[in-house]
Amino acid sequence: AGGAAVDLRSALRAAKARERIFEKTDTHWNERGAFVAYQQLVAAIREQLPAVPPAWERSDFDPVAEDVEGLDLAGMIGLKDVLRETQLRLQPRRPRQARTVDPPGVPSSAARGRLVTEIPGSTLPRALVLRDSCFSQLAPFLSEHFSRVVYLWQTDFEVQDVERERPDVVIQELVGRHLFSVSPES
């Protein structure tokens, strides 16, 4: 099977004209930015694997704004408890089916080295996602499209991970600033 690169920049620029898609006190996108990335990613996956259901629509969510303490950037300058953030979220109008099974009960957006979600009784395809911190907000959206998703916090492919999981789809997410340090091995 083939592969495809998904460049999210134009979709994110268009979304940025409508609303804030990144956190103000963090280097990551918020749930609204992650949703834009999710829609683009699912569309690209469906071109190669139509068994994956279409992406949810924005109308499937209610916009929510929540006041929280400053995030990563605020922490880097020692002002996490001083600076505040209005976190822009998307609350689903229907229940999510995917559940985190490893580690049990942890939110699928958690920053973990290995995280597994499953939809009980599902016959949907399986996915393996090699990711960094930018995928954390995207995972709850994507998990709804696969019977099982194994999220690994790593940038390099390990053959044994693919052999063990036998996924229908492998996704390698890289934030642009990490492209300078990634060097594929032959």
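This is a predicted model: local features need pLDDT of at least 70, side-chain atom pairs count only at pLDDT 80 or more; totals for chains, interfaces and linings use all residues.
The protein chain contains 5 helices and 7 strands. Along the sequence, these elements come in the pattern α-α-β-α-β-β-β-β-α-β-α-β. Taken along the principal axes, the box filled by the C-alpha atoms of the protein chain is roughly 50 × 40 × 35 Å. The radius of gyration of the protein chain is 17 Å, which agrees with the value near 16 Å that a compact globule of 186 residues would have.

Helix 1 covers residues 9–16 and helix 2 covers residues 31–48; their axes are 10 Å apart, and the two pack at an angle of about 140°. Helix 1 is therefore oblique to helix 2, since angles count as roughly antiparallel when over 145 degrees. The crossing of helix 1 and helix 2 is right-handed. On the side of helix 1, the contact involves Ala11, Leu12 and Ala15, which meet Gly33, Val36 and Gln40 in helix 2. Sorted by class, the residues of this contact between helix 1 and helix 2 are 4 nonpolar and 2 polar, with no charged ones.

The next element to consider is the sheet. Strands of a sheet pair through backbone hydrogen bonds, in either a parallel or an antiparallel way. Here the sheet is open and made of 5 strands in the order 3-4-6-5-7, with mixed pairing. Strand 3 (99–102) and strand 7 (169–172) are at the edges; each has a single partner strand, so one side of each has no neighbour in the sheet. On average, and with direction ignored, neighbouring strands of this sheet are turned by 25° against each other. Within the sheet, strand 5 (residues 126–131) and strand 6 (residues 148–153) run parallel and are joined by 6 bridges. One of the residues to look at here is Val129, whose bridge partner in strand 6 is Tyr151.

Two points in the backbone remain. Most peptide bonds are trans, and most residues other than glycine have a negative phi. The peptide bond joining Asp102 and Pro103 is cis, with omega at about -10°. Pro103 belongs to the loop between strand 3 and strand 4 (114–118). Arg166 is not a glycine, yet its phi is positive, at about 50°. This residue, Arg166, is located in the loop between helix 5 (159–165) and strand 7, and strand 7 is one of the strands at the edges of the sheet.

How values were computed. Residues are numbered from 1 along each chain as its sequence is written. Side-chain values use heavy atoms; hydrogens and water are left out. Axes are lines fitted to C-alpha atoms, for helices over the stretch in contact, and angles run from 0 to 180 degrees between N-to-C directions. Helices (H or I, at least four residues) and strands (E, at least two) are DSSP runs, numbered from the N terminus. Angles under 35 degrees count as roughly parallel, over 145 as roughly antiparallel, 65 to 115 as roughly perpendicular and the rest as oblique. A crossing is left-handed if the near helix is turned anticlockwise from the far one by less than a right angle, and right-handed if clockwise. Contact means heavy atoms within 4.5 Å. Ala, Val, Leu, Ile, Met, Phe, Trp, Tyr, Cys and Pro count as nonpolar, Asp, Glu, Lys and Arg as charged, and the others, Gly among them, as polar. Two strands pair if DSSP finds at least two bridges between them. The radius of gyration is taken over C-alpha atoms; the globule rule is 2.2 Å times the number of residues to the power 0.38.
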